[in-house]
Amino acid sequence: MTTTRHPDPAASCCDFDRSRRNFLRNLGLLAGVGVITSTTGASFMQAAFASTGAASNVLLVLSLRGGADGLSLVVPHGDIAYAAARPKLAVPSSTLLARDAMFGLHPKFAPLMPMWTAGSFAAVNAVGLAAPNRSHFAAMEAIEDADAGSVERRGWLNRLVGLDLDESPVEGAQIGSAIVPTSLYGASPVLAMADIDDMSLPGRDSPTGYARRVASLTEAWAEDSTSLGRGARAALDMSDVFADVAGQPSEPLNGAVYPGGDLGKSLGDAARLVRADIGAEVITVDAGAWDMHVGVGGVDAGLLTTAVEELALALNAFFTDLGSLGSRVTVVTISEFGRRVAENANNGLDHGWGNVMLLLGAGVRGGRYHGTWPGLGDGKLVDGDLAVTNDYRSVLAEVVSSRFGADVSKVFPGFRPTPIGAMAAA
Amino acid sequence: MVAPVAVPSAFDRHLLSRFSWGITPALIKESAAAGGARAWFDRQLNPAALPAAPPARLVEWWPHLQWSPAEKFAADQAGVHPGYDQDNDFCRWTLMRRMTSAQQVQEVMTGVWGNLLYVSLVRKSFPHLPRYDATIRANALGTYERLLVATVLHPCMLCYLDNAKSTQKAPNENLGRELLELHTVGRSAGYTEADVKDSTRILTGYRVDVGASCKAWYGPEDHAVGQVNVLDFHHANASPDGREVTLEYLSYLARHEATAQRVARALAVRFVADAPRTELVDAVATAYLDSGTDIPTTLRALVDHDDFAASTDRKVRTPIEDFVNTYRTMQVKISPPSADPSGAATSILAGCTSMGQRPLGWPRPDGFPDIGDAWSSASRMLSSWRVHKNLAGAYYPKVGIEYKPWEYWLGPLPVRFDDLVDRLCRLLLAKTRTPRLLATAVAAIDVQPAEIVNSSHRAVRRMPLLLDALFDTPDHMTR
């Protein structure tokens, strides 16, 4: 790697001393169909290392793509209007877990009940965008951009990463898909990977041949000012780091068993990244089959119950796999919108507004339901939808400030968060 | 001294690069024979006048592509040909068409419209997918209005976006909404939720059996009658047979100014730049509206705009484009599929997917992103470089594929190394050697420009590395 040169300091600055500190500076985020991981920036990362030398906290943002039905995840069984609106699809009150007078969890959350009981799994009700937006794409863009009114195309994770004044070669990365999501678009460079094991240039066993290949690629890309040029330089810069990660055992630890499918694979890769301890601080994972206009089904069979089961098993495996490292890791779920309160005639649910966010792991004030509840009764709904009484950015703001000490006004410009109380103070 | 391999002019290279799946020596000849790329383009806009030979034969490689939807459904149910296997073969066939079709502009536009009027690989629509694709191809160079009607009301789209079950009693808004948001006017047109509801009501009645028969029919009893208002479209919608109001509605949408802007913008992003200038989009939109949504007229306005000529090499090739282009420029011949899964006709799908993009693999109805930022991740670079290496060295695939012999790439020996690099740049990149490309080649195999390469020179042994190095460049990975 010493042959790599970087004539463009803005695009790529660091030397190739692979000290641990440089790993931290260099490695940004990991993302995917995937997973996104990002460092939050040297400003607080360096502070964390300078002061304690300890490993940093990790945020995993899990996007439930398609608009998950929050009312089936955290069921408002105590709201009389719920069962009335869903004669076929209401999750029966008797099956619910962690049931209080108003709410209960879908029965397929059973694998996560130990975390609920231990106080490290919580839900925030009636969250979402400040105004209804039933377009998947516009809603996702708005959520991932999280800078209302700005025309700049830059996602909140990219802004989080961009708090770093010391521009490192790679501050964002993605696992599971080569496609960079909106939350990562923007000025700060990002890394993305289809598979964590494929993140290094092959041919390292032949030092001469490898050096020639790196030299040739450097000639080809060193001065390329396009997005491809940034990607190429990121690939060259990170190749060594990921060769180390790939060299470590890939089997889950502590008896963890991930469910088959993309979500389990992505969370397994995310756990490997946390364990590799190379500075990934924000990881996002997409789990994308929640758009259930038809065939939602009941608690025994159907699209929804299957999806909840996969989600719960994967998250349980993730925290089991992490073991004591889990004390550094916070998971938050985001979905572009909830579903309409009333079921449609195809055993399905159309696009709605208010939704639920789940919080698990470090710093979570768990074992309880957070957020003001607007109710489902007459006059409470907005055009047939659960109202949003808790802006999703208020939840994220609590997470990034409590876990990373991030300046909320820089991550969510112009936004004033309302206290939710879902996270323990830093 | 032999005459060097011919390369097109800068503009011709640009046009061929944007409107084909990859420039080959054969394509350069074809363009020269037509009197230049612009004349070639005009010819391509009338695909009926072009030879169709290779793609017509290709369909026989995977017989189920020609089965009826009911036959495809039955084969899936019987476990003979599971639906996902049928989808995989459809993807392979798509890649093969792009590699081999003589109707390159039609094949490019089929991809563009297929991404705008997108249907992903999902169970509920798979029996109809090959016919949907054929419908797009047949209308790819007609008018957008006809294309819109043919696709939105196609059983494949009706199943994909749940209109198949939408009735007046139980309207399903999925298609009614995406028709506005994705296929026509877009959100900036300012339609309301009430508009979405009426858009949905207009479309009620177009039914498809999502079960064994896969039959499509119009059900007047399912059509929601009564006044509908969507933007400035108003109709009494009094008849239970809503087909007339639907056609009027789709015609209204196709010819709407906001649709013109949306289509023009999609074309400008695809063929000019990630952030096209408003002037260009306006000019293309005007041609679209003035010509009654005529696609060739619209494309000519785009190609003849100054912004097009000024945008050389500015677009990132998506992984699929990179993959197909690499196969084309390697000039390989692929044999029909066999039982061997490593055979090229079969393994191309895994190869393409490993680059990070599988045909129709985007999970949402808005189609793959078409801007460089989305396709420039480090992972994409590494996986592209891996595929380049396998092909450049003829390492993989090895079965069911015929590579050009190394003598072809070397040309007459002895040759100065810089002249050899020039030859390869012409063959692989359709351009002459640049200082950067020469430096890239020099670094790749440690041979100096003035060295004379004869048959025992180490450069001969290192030809796989040399080809690979030229594929791993901005020159190959942009268009």
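Rings of Phe, Tyr and Trp (its six-membered ring) pair if their centres lie within 6.5 Å. The exercises below apply this rule to a predicted model.

**Exercise 1.** State which residues of chain A are linked into a cluster by ring pairs, and how many aromatic pairs there are over all chains.

*Solution.* The cluster consists of Phe103(A), Phe109(A), Trp116(A), Phe121(A), Tyr369(A) and Trp373(A), linked by ring pairs. Over all chains, the count comes to 22 aromatic pairs.

**Exercise 2.** Classify the pair of Tyr118(B) and Phe368(B), and determine which parts of chain B the pair ties together.

*Solution.* The centres lie 6.3 Å apart and the planes make an angle of 75°. Planes over 60 degrees apart count as edge-to-face, so the pair of Tyr118(B) and Phe368(B) is edge-to-face. Next, the positions: Tyr118(B) belongs to the loop between helix H7 (104–116) and helix H8 (129–139), and Phe368(B) to the loop between helix H19 (344–354) and helix H20 (378–392), so the pair joins parts 250 residues apart in sequence. Finally, both residues, Tyr118(B) and Phe368(B), are buried.

**Exercise 3.** Identify which charged residues lie over the ring of Tyr408(B).

*Solution.* The charged end of Lys404(B) sits 4.7 Å from the ring centre of Tyr408(B). Arg423(B) also lies over the face of Tyr408(B), at 5.8 Å from the ring centre.

How values were computed. Residues numbered from 1 in each chain as written. Chains lettered and ligands numbered in written order. Predicted model: local features only at pLDDT ≥ 70, side-chain atom pairs only at ≥ 80, totals over all residues. Heavy atoms only, no water. Phe/Tyr/Trp six-rings, centres within 6.5 Å; stacked < 30°, edge-to-face > 60°. Helix = DSSP H or I, 4+ residues; strand = E, 2+ residues; numbered from the N terminus. Buried < 20%, exposed > 50% of the residue type's maximum accessible area, 1.4 Å probe, protein only. Lys NZ or Arg CZ within 6 Å of the ring centre and 35° of its normal.
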